[in-house]
Amino acid sequence: MREDIRSMTPEELAAELREMGEPAFRSRQIFAWLHRGAGSFEEMSDISKSLREKLGERYELSAPGVARKQVSQADGTVKYLWELRDGNCIETVLMRYHHGNTVCISSQVGCRMGCAFCASTLGGKVRDLTPGEMLEQVMFAQRDSGLQVSNIVLMGIGEPMDNLDNVLRFLELVNHPQGMNIGMRHISLSTCGVIPGIRRLAELGLQLTLSVSLHAPDSETRDRIMPVNRAYGVEELFAACRDYFQKTGRRISFEYAMIDEVNDHDWQADLIVKKLRGMPGHVNLIPLNDVAESPLRPSRRVRQFQRRLEDQGVTATVRRSLGGDIDASCGQLRRKAMEIGRKGL
Ligand code: SAH
């Protein structure tokens, strides 16, 4: 297979072009075209035809196809189901917030983390996404919608820490001044708690926002709903978060999907308070999205839980749910497409 040119850094591209006998400014032109969302080499009108042909022989360049697009009537949220070059499908969601347009991207095709409440993991992991494929989600959502994207969240399908080398390269590309130039402070990365990944990010000291999907502060509950907890226990996770804060100075956001009679008890709120003592954090309570295949149901105590945290000095917000009318949460649209594919409808 030809090399994926969108995954290359400007330095790598410059080195290859030098080898092809081209001047350095060519690589800057090509990098700019790629990061403006050019879907083919033919579009690069200021590059000679012969070089465009040479590039076409060497590198892979195309735009992902939109397999399906849904626009929420309620809030303008757009959900894309992309078909990748190998026929796999992934999802991207574009949300319009007051603070800017935010794209939620996928980092893998499927996921192997096995969280009991999550639709993305039902079929396991198929493969990792390349840095270029992550970049394309941002670029083509921007191009298709005509909206300037200012924020990125890695909260779609997949576990970013399970594909960290590619994710780090994606961050370098999307942050690049000659590319989309999206600031690290406008990027959030969410993990189910893969501790070596958290430690590696801490060492790098990037200024992005780390979100940790906590979902339970006690081992017994967390073991039950998140298999990752058996490999990386919650006590060790809190310790890694504490170190992360000390190294980076960045406050962590803890995601907490509220599940009826599983993780919504008062004692669990109290335990969160205890565990977060001395570590500035923020708890984001998410009303559970019903996944048809799962017996877990949404909690009826979201506001009480929030109040209990707040009364004890922990900042807690309830996530506003966008795109409820278009299956905009993780993995649901891909599941549906897979179902339809299987049944041959
Ligand atoms: N793998 C990463 C990022 C993807 S999931 C992670 O686990 O953080 C993005 C967020 O949605 C996570 O916090 C995840 O736990 C949450 N989530 C998954 N399924 C959900 C559901 N049915 N209802 C509410 N939140 C859900």
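Colleague: Between which strand and which helix is the loop where Asp260 lies?

Modeller: Asp260 sits in the loop that joins strand 12 (252-258) to helix 10 (266-275), where helices (H or I, at least four residues) and strands (E, at least two) are DSSP runs numbered from the N terminus. The model is a predicted one, in which local features need pLDDT of at least 70 and side-chain atom pairs count only at pLDDT 80 or more, while totals for chains, interfaces and linings use all residues. Residues are numbered from 1 along each chain as its sequence is written, and side-chain values use heavy atoms, with hydrogens and water left out.

Colleague: What makes the link between the side chains of Asp260 and Arg300 a polar contact?

Modeller: The side chains of Asp260 and Arg300 are joined at 3.0 Å, and a polar contact is a pair of N or O atoms within 3.5 Å, of which, within protein, one must be able to donate a hydrogen and the other to accept it, and residues adjacent in sequence count only if both atoms are side-chain atoms. Leaving aside residues up to four places away in sequence, Asp260 touches Arg297, Pro298, Ser299 and Arg300, contact being heavy atoms within 4.5 Å.

Colleague: Why are helix 6 and helix 9 called roughly parallel to each other?

Modeller: The axes of helix 6 (residues 195-204) and helix 9 (residues 234-248) cross at roughly 10° and come within 9 Å, the axes being lines fitted to C-alpha atoms, for helices over the stretch in contact, with angles from 0 to 180 degrees between N-to-C directions. Angles under 35 degrees count as roughly parallel, over 145 as roughly antiparallel, 65 to 115 as roughly perpendicular and the rest as oblique, so helix 6 and helix 9 are roughly parallel. Among the residues that make this contact are Ile195 and Ile198 of helix 6 and Leu237 and Tyr244 of helix 9.

Colleague: How do you know that helix 1 is oblique to helix 2?

Modeller: The axes of helix 1 (residues 10-19) and helix 2 (residues 24-35) come within 9 Å and cross at roughly 130°, and therefore helix 1 is oblique to helix 2. Pro10, Leu13, Ala14 and Leu17 of helix 1 make the contact with Arg26, Ser27, Ile30, Phe31 and Leu34 of helix 2.

Colleague: Which residues are closest to the ligand, and how many surround the ligand?

Modeller: The ligand is surrounded by 19 residues, the closest being Phe117, Ser190, Ser213, His215 and Asn289, and a residue is near when one of its heavy atoms lies within 4 Å. A polar backbone atom of Phe117 is 2.9 Å from a nitrogen atom of the ligand, whereas a polar backbone atom of Thr191 is 3.4 Å from an oxygen atom of the ligand. For Cys192, a backbone N or O atom is 3.5 Å from an oxygen atom of the ligand.
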